[in-house]
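Here is a friendly walk through one protein model, question by question. Have the viewer open and follow along.

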Amino acid sequence: PDGLRPTHLTWRRAQPGDVDGVVAVGAAGAWFHANRVVGSAFVTVEVPVGDLELAEKILASARVADGVDPRGCAVVGPDGSPGSDAIADLATASEVAVCQYVVGPDAGPNLVGSYRLLGVEAQELLDAVRAAPVSTAAPHPSCGPVGNWLVLRFDEGAAEVRLQVASCGQFVLDDGVTVRTPTRPTCGDLLVGPLWVAGFDGTTGPVCAPR
C-alpha cells in the first residue's frame with residue numbers, strides 16, 4: 001500500500017525493451033518509478049509524486065565505471081587466486097578497498113558493492129588478516145568460483161586478499177601465497193553498509209552472518 005512505500009533505488013541487468021521514463025505506480029498515481037538505462041544496468045528510483053525532481057537528480061548522478069569503480073575495485077572479478085604479493089610482506093596499510101562480487105554463470109560486470117577503510121581502520125583490518133590462523137583446507141573438487149566473494153585491496157593493490165563466502169568452495173582468506181581461516185573481523189564485520197550476503201552454512205555462519 002502507498003502508506004508503506006519508502007523512497008528507494010533498485011537496479012537489475014538491462015533487458016531488451018527497457019527504456020528511460022517515469023511510470024505511475026500504486027493508487028491514484030501518488031507514487032512513481034523513474035527509470036533509466038545506465039550501461040548494462042536498469043536503474044529505478046521509486047518516489048512520491050512530489051519528489052520526481054529528486055529522482056531525476058539521483059538518476060543523473062549514475063555513471064558507467066570504466067574498468068574500476070571509484071574505490072579501485074575492478075568491475076569484473078575475481079578469477080582464481082591473487083598474485084604473489086603476500087600479505088605477510090605488508091607491514092602497514094593506510095587504505096583498504098573492500099569489494100564484493102557475485103560470481104555466476106553469466107559473464108560481464110559482477111561487482112555489487114564496495115567501500116573504503118582508511119587510517120586506523122585499514123591497519124586494523126591488515127592486522128586481523130595477518131593474525132588469522134593458517135588454514136589447511138582443501139578446495140572442494142566439484143566447486144567452481146560461484147557465489148559471493150570479498151576482495152580486500154590494500155593500498156591500491158599493494159596486496160590483495162580474496163574470500164569466497166559460499167557453502168561450496170574453499171572458505172579461506174587467500175593472498176596468493178598463504179591461505180588462512182576467516183575470522184569475524186575479516187568477514188562478518190566487513191559485511192556492512194552497501195555489502196550484504198545471504199545464506200550461510202555451519203562453516204560460514206559463525207564468522208560471516210550478521211550479528
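Q: In what order do the six strands form an open sheet?
A: This is a predicted model, so please read each value as computed from predicted coordinates. The pairing in the open sheet is antiparallel. Going across the six strands, the order is β6-β5-β7-β8-β9-β10.

Q: Which strands stand at the edges of that sheet, each with a single partner strand?
A: A strand at the edge has one partner, so one side of that strand is left without a neighbour in the sheet. The order across the sheet starts with β6 and ends with β10. The edge strands are therefore β6 and β10 (179-180).

Q: Which residue is the bridge partner of Asp 174 in β10?
A: Strand β9 covers residues 173-174 and pairs with β10 in the antiparallel sense. Two bridges join β9 and β10. In the bridge that involves Asp 174, the partner in β10 is Val 179.

Q: What share of the contacts with a separation of 6 or more comes from residues 24 or more positions apart?
A: For a sense of scale, the C-alpha atoms fill a box of roughly 60 × 35 × 35 Å along the principal axes. Buried residues make up 39% of the 211 residues in the chain. Among contacts with a separation of 6 or more, the share from residues 24 or more positions apart is 60%.

Q: How many residues does the largest nonpolar core have?
A: In soluble globular proteins, nonpolar side chains tend to be buried together. In this model, the residues with the most contacts inside the largest core are Ile 87, Val 96, Val 98, Leu 125, Leu 152 and Phe 154. Elements that give two or more residues to this core include β5 (95-103), α2 (120-131) and β7 (147-154). The size of the core is 28 residues.

Q: Which residues does Leu 125 touch, not counting residues up to four places away in sequence?
A: Leu 125 is one of the residues with the most contacts inside the largest nonpolar core. Val 96, Leu 152 and Phe 154 are also in that group, and Leu 125 touches each of these three.

Q: Which element gives the most to the lining of the largest pocket?
A: The largest pocket has a volume of about 980 Å³. By class, its lining has 17 nonpolar, seven polar and five charged residues. β1 (8-13), β4 (41-48), α1 (52-60), β5 and β6 each supply at least two lining residues. With four residues, the element that gives the most is β6.

Q: How far apart in space are Trp 11 and Val 43, C-alpha to C-alpha?
A: Trp 11 lies in strand β1 and is among the lining residues closest to the centre of the largest pocket. Beyond its neighbours within four places in sequence, Trp 11 is in contact with Ala 41, Phe 42 and Val 43. Trp 11 and Val 43 are 32 residues apart in sequence, while their C-alpha distance is 4.4 Å.

Q: Is Ala 34 buried or exposed?
A: Ala 34 sits in strand β3 (residues 31-38). Its contacts beyond four places in sequence include Val 22, Thr 44, Ala 55 and Leu 59. The cut-off for burial is under 20% relative accessible area. At 0% relative accessibility, Ala 34 is therefore buried.

Q: Where does Glu 156, with its positive phi, lie?
A: Phi of Glu 156 is near 60 degrees, a positive value in a residue other than glycine. Glu 156 is exposed, with a relative accessible area of 69%. Asp 155 also has a positive phi, about 45 degrees, and is partly exposed at 24%. Glu 156 lies in the loop between β7 and β8.

Terms used: Residues numbered from 1 in each chain as written. Predicted model: local features only at pLDDT ≥ 70, side-chain atom pairs only at ≥ 80, totals over all residues. Heavy atoms only, no water. Core = buried A, V, L, I, M, F, W, Y, C linked by side-chain atoms within 4.5 Å. Buried < 20%, exposed > 50% of the residue type's maximum accessible area, 1.4 Å probe, protein only. Contact = heavy atoms within 4.5 Å. 1 Å grid on protein atoms, 1.4 Å probe; cavity = no way out; pocket = protein on both sides within 12 Å on 5 of 7 lines; lining within 4 Å. Points joined across faces, edges and corners; volume = space filled by probe spheres on them. Nonpolar A, V, L, I, M, F, W, Y, C, P; charged D, E, K, R; others polar. Pairing = 2+ DSSP bridges.
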